[in-house]
Structures are given as C-alpha cells and as structure tokens.
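Take a look at the sequence and the structure before reading on.

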Amino acid sequence: MAKKVIVISASLRRGSNSHALAEEFARGAREAGNDVELVSLAGKQIGFCRGCLACQKTGRCVIADDAVEIEQKVVAADVVCWATPIYYYELSGQMKTLIDRLNPMYPKDYRFRDVYLLTSAAETDPATPERAIAGLGGWIDCYPECSLRGTVFCGGVDKPGDTAGRPELVEAYEMGRAV
C-alpha cells in the first residue's frame, strides 16, 4: 500500500547538499510507489512560535504564514523526512523554527509513524550529526507512536553541489525506496 511521504528540506541555499539528499530520498520513495511531496523551506515565511499555546485550544496557530500549510501536510503524512544542513553541530535554525511551529499538531491524531533525518555538513567527524539527531528526538518524543527509522550524514561537503557522486546520495535514495 502506498504511503503518503513528506520530505521537508530545511536549507535556504539554492543547490544545497542537504536538499540533494532530500531529492534522492524523495526519488527513491516515489519510485517505490509512494505519494511523495518535497517541501523546501526556501522562500517560505515561517515566523517564530510566540508560546501563546492558543493552538492547543483551537488546533491552529494564530500566526498566518506558511507553517500552517506545512503542519497540515505533516499531520496527514505516514512518513516524515527532514533534511537539514548542520549549523554549529545542530539542526538549522529554520528547521527548529518550523518544528516549534508544529505545536498545533500535539493534541491531534497524527498518522506518521516513521521519521527520517538527512544531514550535511562541512565537518567530516561522524559524530557531527549527534546533536541534530537529539534535537529532532525531542520532537519525536512528543509523538510516542512514531520513531526515528533512519539517518544519513554526508560530511565534508561545503559548497553547493559537493554531494555529486557521493555514496550518501545512494544511501538516501535507498532509504527512500525502503519506505
């Protein structure tokens, strides 16, 4: 049975390495027969969470921007794949901002069970994504029916296009195919 897959690319840079990983995951998931949507945060207006918690009563954020539509897509997905560059050994700020804005989902009946994380960084140390994984883990912990099913880290990439020919692209593709 085909799954509804949302891939969220958090990089704001055109031709970014984490976006290349996202595209390969999406391609693999699509070729496996799934309904896949790749959402890029580039060009999106996503404000900071105000912490008002009105969303917990209304089920909707009081801020009318692009995060509202993305939240609806995440709630309806069976699989959520995040792709982010690593900044200072953490998730990118734009990804964390979106995660905070997904707060209206908390009391809702969500469908997703499988979560994936694709990361890229100039750093090559395999421990580089650990804090990003932990950061996403905080979000995952709020949705006890889901779990982190896989990660891909592509280190040693800095300039756009540095992932070309890298085995991590194949790994992201295969992970998507296995969804």
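Strand S1 (residues 4-9), helix H1 (residues 17-31) and strand S2 (residues 35-40) form a right-handed β-α-β unit. Right-handed means that, with the strands pointing away from the viewer, the path from the first strand over the helix to the second runs clockwise. Helices (H or I, at least four residues) and strands (E, at least two) are DSSP runs, numbered from the N terminus. This is a predicted model, in which local features need pLDDT of at least 70 and side-chain atom pairs count only at pLDDT 80 or more, while totals for chains, interfaces and linings use all residues. Residues are numbered from 1 along each chain as its sequence is written, and side-chain values use heavy atoms, leaving out hydrogens and water.

**Around S1**
- S1 and S2 run parallel and are joined by six bridges; strands pair if DSSP finds at least two bridges between them.
- Lysine 4 has aspartate 35 in S2 as its bridge partner.
- S1 also pairs in the parallel sense with strand S3 (residues 79-85), over five bridges.

**S4 and S5**
- Eight bridges pair strand S4 (residues 114-121) with strand S5 (residues 147-155) in the parallel sense.
- Between S4 and S5 the chain passes through helix H5 (residues 130-141), and this β-α-β crossover is right-handed.

**Loop between S3 and H4**
- Tyrosine 88 lies in this loop, and its phi is near 50 degrees, a positive value in a residue other than glycine.
- Most residues other than glycine have a negative phi.

Notes: Buried < 20%, exposed > 50% of the residue type's maximum accessible area, 1.4 Å probe, protein only.
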